[in-house]
Amino acid sequence: MSADYVVRLAGPADVAGARSVMLDTFYHVFGIGYLPEYHDDVIDPESAYLRHPLNRLWVAEHAGHIVATTAIRAQGPRPPHPRWLTERYPDPRTAQLFRVYVRPEHQRRGLARRLVATAVEYVDATPEFDDLYLHTDARTPGALEFWQSCARLVHDARTPGEGFQTVHFDIPLPRHAATARREHAVR
């Protein structure tokens, strides 16, 4: 990744730029526009991420402009996702990865991977969280391949026809791997 990108925790001055990346992704990449039932955090990222004690928003900045985002919210999946998923990933012990968006002209520079790694580090170091969950729409170019490279498939909810083609993942936390190694060594 080029050294002229800075990945950092977002502050109040970053909210407008982050919102712009998110809304442009909804309209120009996903082609669905703003959906209030799913995107309420985008209208007020300051309340959703900056003021919540466990939620976080990170940005990537290039030449004074926010060009990528990712976020963590202390909440598991919600309906319409299957009930067994909401039970497996309960609030508030689940960190859910949101808004991993990179402006198209800045893609293929490792920004999404770097932002996700930053979020994983945060969740792994936060004892209030047990799991890191996410879902993606498989229709988004490159999304499924990206998540398959760094996350573990939990449930493929794709159905034939129109509509969202949702695939659910979790990202194993390093502390879980360390615990498993210790438990295995004791046996």
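**View 1. The whole chain, a predicted model.** The protein chain has an average pLDDT of 91, and 93% of its residues reach at least 70; pLDDT is the predictor's confidence in each residue, from 0 to 100. This is a predicted model, so local features need pLDDT of at least 70 and side-chain atom pairs count only at pLDDT 80 or more, while totals for chains, interfaces and linings use all residues. Residues are numbered from 1 along each chain as its sequence is written, and side-chain values use heavy atoms, with hydrogens and water left out. You will find 7 helices and 7 strands here, following the pattern β-α-α-α-β-β-α-β-α-β-α-β-β-α along the sequence. Helices (H or I, at least four residues) and strands (E, at least two) are DSSP runs, numbered from the N terminus. Of the 187 residues, 43% count as buried; buried means under 20% relative accessible area, exposed over 50%, and partly exposed in between (1.4 Å probe, protein chains only).

**View 2. A stretch to read with care.** Over residues 180–186 pLDDT stays under 50, and the model has 0 contacts beyond four places in sequence for them. A contact here means heavy atoms within 4.5 Å. Where pLDDT is low, the predicted coordinates should not be read in detail.

View 3. Helix 6 spans residues 143–150, and its buried residues are Ala143, Leu144, Phe146 and Trp147.

**View 4. Two cis peptide bonds.** Pro79 and Pro80 are joined by a cis peptide bond, with omega near 25°. Pro80 sits in the loop between strand 3 (65–73) and helix 4 (83–88). Another cis bond runs from Asp91 to Pro92, with omega about -20°, and Pro92 belongs to the loop between helix 4 and strand 4.

**View 5. Two loop residues with positive phi.** Most residues other than glycine have a negative phi, and most peptide bonds are trans. Ala63 is not a glycine, yet its phi is positive, about 50°. You can find Ala63 in the loop between strand 2 (56–62) and strand 3, exposed at a relative accessible area of 62%. Arg108, also not a glycine, has a positive phi of about 70°. The loop between strand 4 and helix 5 holds Arg108, which is exposed with a relative accessible area of 85%.

**View 6. Aromatic rings in pairs.** The structure holds 7 aromatic pairs. Rings of Phe, Tyr and Trp (its six-membered ring) pair if their centres lie within 6.5 Å; planes under 30 degrees apart count as stacked, over 60 as edge-to-face and the rest as tilted. Trp58 and Tyr122 make an edge-to-face pair, 5.7 Å centre to centre with 65° between the planes. Trp58 is in strand 2 and Tyr122 in helix 5, so this pair ties together parts that are 64 residues apart in sequence. Trp58 is buried at 5% relative accessibility, and Tyr122 is buried at 14%. The pair of Tyr89 and Tyr133 is tilted, because the ring centres are 5.1 Å apart and the planes stand at 40°. Both Tyr89 and Tyr133 are buried. Ring pairs also link Phe26, Phe30 and Tyr101 into a cluster.
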